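Okay, thanks everyone for coming.

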Amino acid sequence: VPKLGEQQFGVYGYLGESPTFFQTSQGSRIPGTGMGNRSFYRAGVYGHWYVDKFDFYTLFMHGRDNVFLGNAVPANQPALLPIGAAGPSWNGGFVEGHYNPNPRLIFIGRYELTRMSKEANPAIPRNLGNLDTWTVGYRWYPIMSTRAGFAWLQEYSRITNAGAAPLSGKDDVSNSLLMGFDFDF
């Protein structure tokens, strides 16, 4: 198809278990003695799409943890679970676009999000921890050869963390600027 490059997509998933408590000796954890394993999983889809001088990365993920992992409660002490506690679940993803006017210059734009579907503790507001991140930037390659490469990059990001400001409970917003160099040989 004219103006379309290689299109890539796939699915992924993993599941596992993590300990919720450890054996101790005189009040100190004994490494490698994790017990009370509880399950977690992550699953999603991804894609890399090309259209002329643009390419886009896309990703969606769903995650879920056991109620004990989500509340940081040892599995041998269920009485410590808050009333109505549940296994937390969330969805997240991103879209990142690149515009490549020539091989030495790439403009970047990215939007990332995380949304809580279910909080571990019902006393926590459902939107606490929802994240929105916007990023714009560029990479310029003044030196490119078969033996070495040098890139100058700059990115500006704005992150909004819903309800996470410690004193007011309002959205916690932070801005950052990255300016750096990459050298490869």
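So, aromatic pairs. Keep in mind that this is a predicted model. Counting rings whose centres lie within 6.5 Å of each other, we get nine aromatic pairs. Take Phe9 and Trp49, which are stacked, with 6.3 Å from centre to centre and 5° between the planes. What does that pair tie together? Phe9 sits in strand S1, residues 8-18, and Trp49 in strand S4, residues 38-51, so the pair connects parts that are 40 residues apart in sequence. Are those two rings buried or exposed? Phe9 comes out as exposed, at 66% relative accessibility. Trp49 is at 32% relative accessibility, and that counts as partly exposed.

Now have a look at Tyr111 and Trp134. That aromatic pair is tilted, with 35° between the planes and 4.3 Å centre to centre. Here too we link distant parts of the chain: Tyr111 belongs to strand S7, residues 105-118, Trp134 to strand S8, residues 131-144, and they are 23 residues apart. Tyr111 is partly exposed, at 21% relative accessibility. The cut-off for buried is under 20%, so Tyr111, with its 21%, ends up in the partly exposed group. Trp134 has a relative accessible area of 53% and is exposed. And before we leave the rings, there's a cluster: Phe54, Phe56, Tyr99 and Phe107 are linked by ring pairs.

Okay, on to the sheet. In what order do the strands run? We have an open sheet of eight strands, and if you read across, you go S1, S4, S5, S6, S7, S8, S9, S10, with antiparallel pairing. At the edges you find S1 and strand S10, residues 172-184, and each of those pairs on one side only. Ignoring direction, neighbouring strands in this sheet are turned by 15° against each other on average. As a bit of background, strands of a sheet pair through backbone hydrogen bonds, and that can be parallel or antiparallel.

Let's zoom in on a few of these pairings. S4 and strand S5, residues 54-65, run antiparallel and are joined by 12 bridges. If you want a spot to look at, find Tyr41, which stands opposite Arg64 in S5. S4 and S5 also make a hairpin, with two residues between them. Check Asp52 in that turn: its phi is positive, about 55°.

Then S5 turns up again with strand S6, residues 89-102, and that antiparallel pairing takes in 11 bridges. Look for Gly63 there, whose bridge partner in S6 is Trp90. Further along, S8 pairs with strand S9, residues 149-161, again in the antiparallel sense, over 12 bridges. A place to look for that one is Gly137, which has Glu155 of S9 opposite.

Is His48 buried or exposed? His48 has a relative accessible area of 8%, so we call it buried. Which side chain does His48 make a polar contact with? That would be Asp55, at 3.2 Å, side chain to side chain. And who else is around? Leaving out residues up to four places away in sequence, His48 touches Glu6, Gln7, Gln8, Asp55, Phe56 and Tyr57.

How values were computed:
Residues are numbered from 1 along each chain as its sequence is written. This is a predicted model: local features need pLDDT of at least 70, side-chain atom pairs count only at pLDDT 80 or more; totals for chains, interfaces and linings use all residues. Side-chain values use heavy atoms; hydrogens and water are left out. Rings of Phe, Tyr and Trp (its six-membered ring) pair if their centres lie within 6.5 Å; planes under 30 degrees apart count as stacked, over 60 as edge-to-face and the rest as tilted. Helices (H or I, at least four residues) and strands (E, at least two) are DSSP runs, numbered from the N terminus. Buried means under 20% relative accessible area, exposed over 50%, partly exposed in between (1.4 Å probe, protein chains only). Two strands pair if DSSP finds at least two bridges between them. A polar contact is a pair of N or O atoms within 3.5 Å; within protein, one must be able to donate a hydrogen and the other to accept it, and residues adjacent in sequence count only if both atoms are side-chain atoms. Contact means heavy atoms within 4.5 Å. Axes are lines fitted to C-alpha atoms, for helices over the stretch in contact, and angles run from 0 to 180 degrees between N-to-C directions.
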